[in-house]
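Here is a short briefing on one protein model. It starts with terms, then moves from overall layout to details.

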Amino acid sequence: MRTSTAVLAAGVAVTAVGVAQLVQKHRHHKHTIDIEISRVQIDWLSRASSDPLEAGFCAPQGVEPKTYQQMLSGNRSLCQLSLRHRLGLVSRRQLALYADKLMASDTCRAYWERFGSHREREAESRAERQFAQAMKDAYLRATTLAA
């Protein structure tokens, strides 16, 4: 192999390693931001689900603050599971199992009944769409069993 070819091959290899590191760093940065944004949201959901005044400020028209507090509590559980799923810590099989567990709760079902279609529409990534579909399927199973 000629020296110039060897130098070129080494340069390509170093460049490939550098690109791989940049991609990994970007992915890690995105996960860090996702975790922090989710933490802020979950903290707010915790406050609002325990403070009637906070819930009253944010309750949609036609929903009593006490009812909204319960829905926010259910949403908090969904958000925690959603984050774990987006980070790859929950398999599809586990997601279906956990979704069924959550939808066994009146508060989660009430939240999903009112806001599930919004969650489905706002889902952009593949993981978010999988999560919304799993929740919808679990909700349908739970409401079918209850009927």
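Buried means under 20% relative accessible area, exposed means over 50%, and partly exposed lies in between, using a 1.4 Å probe and protein chains only. This is a predicted model: local features need pLDDT of at least 70, side-chain atom pairs count only at pLDDT 80 or more, and totals for chains, interfaces and linings use all residues. Residues are numbered from 1 along each chain as its sequence is written, and side-chain values use heavy atoms, with hydrogens and water left out.

**Overall layout**
- The protein has six helices and zero strands; helices (H or I, at least four residues) and strands (E, at least two) are DSSP runs, numbered from the N terminus.
- Buried residues account for 29% of the 147 residues.
- Contact means heavy atoms within 4.5 Å. Among contacts between residues at least 6 apart in sequence, 64% join residues at least 24 apart.

**Helix α3**
- Helix α3 covers residues 65–86, 22 residues in total.
- From first C-alpha to last, α3 reaches 30 Å, close to the expected 32 Å; the expected span is 1.5 Å times one less than the number of residues.
- Its buried residues include Tyr-68, Met-71, Leu-72, Leu-78, Leu-81 and His-85.
- Just after α3, Gly-88 has a positive phi of about 85°.

**Nonpolar core**
- A nonpolar core is a set of buried Ala, Val, Leu, Ile, Met, Phe, Trp, Tyr and Cys residues joined through side-chain atoms within 4.5 Å.
- The largest such core has 28 residues; Tyr-68, Leu-78, Leu-81, Leu-95, Met-103, Trp-112 and Met-135 have the most contacts inside it.
- Helices α1 (3–50), α3, α4 (92–103), α5 (106–122) and α6 (126–146) each supply at least two core residues.
- The largest share, seven residues, comes from α6.
- Leaving out residues up to four places away in sequence, Met-103 touches Leu-78, Cys-108, Arg-109, Trp-112, Met-135, Ala-138, Tyr-139 and Ala-142.

**Val-63**
- Val-63 sits in the loop between α2 (52–58) and α3.
- Val-63 counts as buried because its relative accessibility is 10%.
- Beyond neighbours within four places in sequence, Val-63 contacts Tyr-68, Met-71 and Arg-114.
- Val-63 and Arg-114 are 51 residues apart in sequence, and their C-alpha atoms are 10.0 Å apart.

**Cysteines**
- With a disulfide taken as a pair of cysteine sulfur atoms within 2.5 Å, the count is zero.
- Cys-58 is partly exposed at 33% relative accessibility, whereas Cys-79 is buried at 7%.
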